[in-house]
Structure formats: C-alpha cells, structure tokens
Amino acid sequence: MSDQHSFETLAIHAGNTADPLTGAVVPPIYQVSTYKQDGVGGLRGGYEYSRSANPTRTALEENLAALEGGRRGLAFASGLAAEDCLLRTLLTPGDHVVIPNDAYGGTFRLFAKVAARWGVEFSVADTSDVAAVREAITPRTKAVWVETPSNPLLGISDIAAVAQVAHQAGARLVVDNTFASPYLQQPLALGADVIVHSTTKYMGGHSDVVGGALVVSDPELAEELAFHQNAMGAVSGPFDAWLVLRGIKTLAVRMDRHTENATKVADLLTRHPKVSHVLYPGLPEHPGHEVAAKQMKAFGGMVSFRVAGGEEAAVEVCNRAKLFTLGESLGGVESLIEHPGRMTHASVAGSLLEVPADLVRLSVGIENGDDLLADLTQALG
C-alpha cells in the first residue's frame with residue numbers, strides 16, 4: 001500500500017491484504033508451525049517454520065512499518081523481548097548505553113540485572129536535557145535510549161536534538177514510542193534509528209494481548225535484527241499478532257478519545273486541593289510542553305499526579321477508585337489507576353530512577369469523560 005495514504009487509512013489497510021483463497025477481508029490466523037515446501041529448498045512464499053516467519057505476523061510487521069514510516073517492522077512476544085533482541089543486536093560486552101532517569105521499570109531491570117551481567121554498561125541521564133545527554137555519552141556509547149513521553153513521570157525529550165547529539169558521537173538513538181503511539185508521534189522522521197513498542201498497550205488497545213515491536217529504516221540494521229529475532233525466537237504468536245493487528249485498526253479514533261479524556265482529567269486534577277502536582281505534557285506549565293507540541297500531534301492518554309497527603313494518601317486514592325480499575329499496564333479502552341512506587345516501578349526502588357512515593361499514574365480510557373471525572377473526585381475525597 002502507498003505510504004502516501006493517511007494514517008487512518010494505513011492503520012486499516014497496510015498489511016491487511018484480502019485472503020487470495022477466499023477473499024476474506026481480514027488476514028487469517030495462520031495457526032501453524034511448519035509449511036509444505038515446493039521441493040528441497042523451495043519455500044512457498046518464503047515460509048518454512050513459524051519462528052522464522054508466519055503470514056499473520058508478516059501482516060502485522062508490514063502494518064507496523066507503514067505506520068511508523070519505517071522500512072521494516074518486527075513483532076515480538078512482549079515489549080521486553082523486543083528490547084532484549086535490540087540490545088543483543090546493537091551491543092557487545094564493554095559497550096555503553098545512556099538511559100533515561102525515568103525509564104520504565106522493566107527496561108531499567110533489563111539493563112541493570114540482565115545486560116549488566118553480560119558486560120554492557122549504562123549511565124542514567126535526564127534525556128529532556130540535551131546537555132545532560134551529551135555529558136553522559138562516553139567513547140564506548142553505542143546507543144542513547146529515550147522514552148517520550150516517559151513512564152511514569154511524563155517527561156518529554158526533544159527527539160531531533162537528542163538524535164543529533166547521539167549521531168555526532170557515533171551512537172544510535174532508540175525511542176520507546178509506547179506512550180505516544182505512531183498516531184501521535186513519528187520518531188524515525190525526527191531522526192531516531194530504532195522505535196520500540198510494547199504493543200500490549202495502545203497498539204493492541206484492549207488489554208487482551210501481550211506483544212512488542214521494533215521498527216527501523218536502515219536496511220542493514222533491519223537484517224541484523226531479523227537474524228537475531230529468528231535466532232533468539234521470542235516472536236509474536238499468530239493469534240497475538242492478529243489481535244494487535246485488529247486493535248491497530250481503531251488506533252486513531254481511540255487515541256483521539258484518550259487524549260480528549262486525559263485533557264479533562266488533567267484540568268480537574270490541577271484544580272483539586274488534594275493534588276500537589278499534575279504531570280501531563282498538554283498542560284502549558286509542563287516543562288516539556290513546547291517540545292511535545294512541536295513533535296506530537298496531541299498529548300496522549302497518560303496522566304500522573306502527586307497527592308498532597310503523601311504516600312499513604314496516594315495508595316488510598318488508588319484503592320478508592322471504582323471506575324478506574326486498580327491494575328498495571330496501560331493503553332486499553334478501560335481506565336486504569338496504579339501506584340508506580342509499589343507496582344510497575346518497584347524494581348527501581350533505591351536507584352536513580354526511583355519514583356516519588358506520592359505518585360499516582362492514570363491510563364485514561366475512552367469511557368464517558370464526565371463519569372471518569374466523577375470517579376476521580378470521589379477517590380480523592
């Protein structure tokens with residue numbers, strides 16, 4: 001499909017070719033492990049074994065590449081599986097990576113507890129500060145890792161500026177685009193080399209699948225990643241790939257509603273006496289607001305806030321919420337609430353990435369906005 005089509009059109013049609021046998025408009029779930037070959041070495045359509053390639057996964061990977069404006073997409077069993085494949089492709093023992101000071105806890109754990117034992121070193125920097133990134137880079141730095149917006153503090157990094165700094169040092173820029181989704185932000189067009197997604201989140205959108213993805217433009221890097229994807233084997237299963245592909249078709253309309261509701265929620269929280277600080281890039285007072293407005297179509301559905309009463313008060317807010325479901329993850333159609341310090345980011349306790357104890361994170365869903373405001377009002381008390 002032509003990349004000249006609009007995002008909404010690509011989301012529905014890219015990779016979604018009608019089945020040639022039946023004309024089915026939805027790609028089939030090829031729940032198969034192996035394929036009949038047309039003679040020794042004669043692969044039919046390039047398929048031999050579903051770890052290496054599967055038609056349902058191929059459809060998703062083509063869709064991902066189209067949406068991010070990349071040359072190739074690769075689908076994995078989870079976001080962390082995608083990250084692990086990327087690290088083992090880009091790095092060797094002794095290499096160095098700059099990571100954000102407010103990265104997702106699972107990403108930090110992967111660096112600190114897994115990659116570090118393999119001999120990969122990392123430094124922590126405030127990636128919203130280009131000078132801090134430049135200072136953290138060493139002669140052995142092979143990658144700079146950015147989340148924007150970040151998890152859970154909603155920090156904003158200037159992708160184009162950080163890309164320039166990374167490239168000047170001979171390093172690649174990796175952007176975790178999970179919070180924004182390709183509908184709101186296009187990192188490759190801004191200079192990023194690799195995009196990471198947890199497709200569990202907004203891409204899938206319905207809290208019913210776990211998956212991950214990488215998207216790149218460099219054909220040589222794409223081949224290296226594909227080799228490691230096959231060699232390591234943490235690929236997306238066909239049904240999971242089908243679920244993500246289905247979810248992506250409504251990504252644009254969902255993100256519009258997520259953003260609309262999150263804007264209302266952030267406005268309510270800024271006026272509430274029991275909230276000491278609201279973290280949402282759509283607020284003019286947010287330190288990254290101008291950069292976010294420059295590189296994002298809209299500001300997304302994630303809102304974090306700090307509770308004036310401290311940690312226990314923040315926990316009580318989470319416990320009193322009714323329409324906001326207490327749970328980890330994000331990006332589904334239903335609204336979620338969590339306490340990062342005790343839940344998603346417990347793995348960063350005691351580190352430079354430790355999050356404030358009074359922090360509450362919201363994944364604002366697509367329910368009626370007034371209902372969500374009423375629930376938060378009663379939860380805050």
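Analyst: Asn-16, Val-26, Pro-27, Trp-242, Leu-245, Arg-246 and Lys-249 form the lining of the second largest cavity. This is a predicted model. The volume of this second largest cavity is about 30 Å³. By class, its lining splits into four nonpolar residues, one polar and two charged.

In total, two cavities reach 30 Å³ or more. Five of the lining residues of the largest cavity are nonpolar and two are charged; no polar residue takes part.

Next, the sheet. Seven strands make an open sheet, in the order E1-E7-E6-E5-E4-E2-E3. The pairing is mixed. Strand E1 (72-76) and strand E3 (121-125) are the edge strands; each has a single partner, so one side of each has no neighbour in the sheet. From one strand to the next, the twist averages 20 degrees.

Inside that order, take one pair. Strand E2 (residues 96-100) pairs with strand E4 (residues 141-147) in the parallel sense, over three bridges. Here Val-98 stands opposite Val-144 of E4.

Helices pack on the sheet too. Helix H2 (residues 55-68) touches E1, strand E6 (194-198) and strand E7 (212-216). The direction of H2 makes about 130 degrees with that of E1. Helix H8 (residues 219-232) lies across E1, strand E5 (172-176), E6 and E7. H8 runs at about 20 degrees to E1.

Last, a helix pair. Helix H10 (residues 251-270) packs with helix H13 (residues 369-380) at an angle of about 35 degrees. Their axes are 10 Å apart. The crossing of H10 and H13 is right-handed. From H10, the contact uses Arg-257, Asn-261, Lys-264, Val-265, Leu-268 and Leu-269. From H13, Gly-369, Leu-372, Leu-373, Leu-376, Thr-377 and Leu-380 meet them. Seven residues in this contact of H10 with H13 are nonpolar, three are polar and two are charged.

Definitions and conventions. Residues numbered from 1 in each chain as written. Predicted model: local features only at pLDDT ≥ 70, side-chain atom pairs only at ≥ 80, totals over all residues. Heavy atoms only, no water. 1 Å grid on protein atoms, 1.4 Å probe; cavity = no way out; pocket = protein on both sides within 12 Å on 5 of 7 lines; lining within 4 Å. Points joined across faces, edges and corners; volume = space filled by probe spheres on them. Nonpolar A, V, L, I, M, F, W, Y, C, P; charged D, E, K, R; others polar. Axes fitted to C-alpha atoms, helices over the stretch in contact; angles between N-to-C directions. Helix = DSSP H or I, 4+ residues; strand = E, 2+ residues; numbered from the N terminus. Left-handed = near helix turned anticlockwise from the far one by under 90°. Contact = heavy atoms within 4.5 Å. Pairing = 2+ DSSP bridges.
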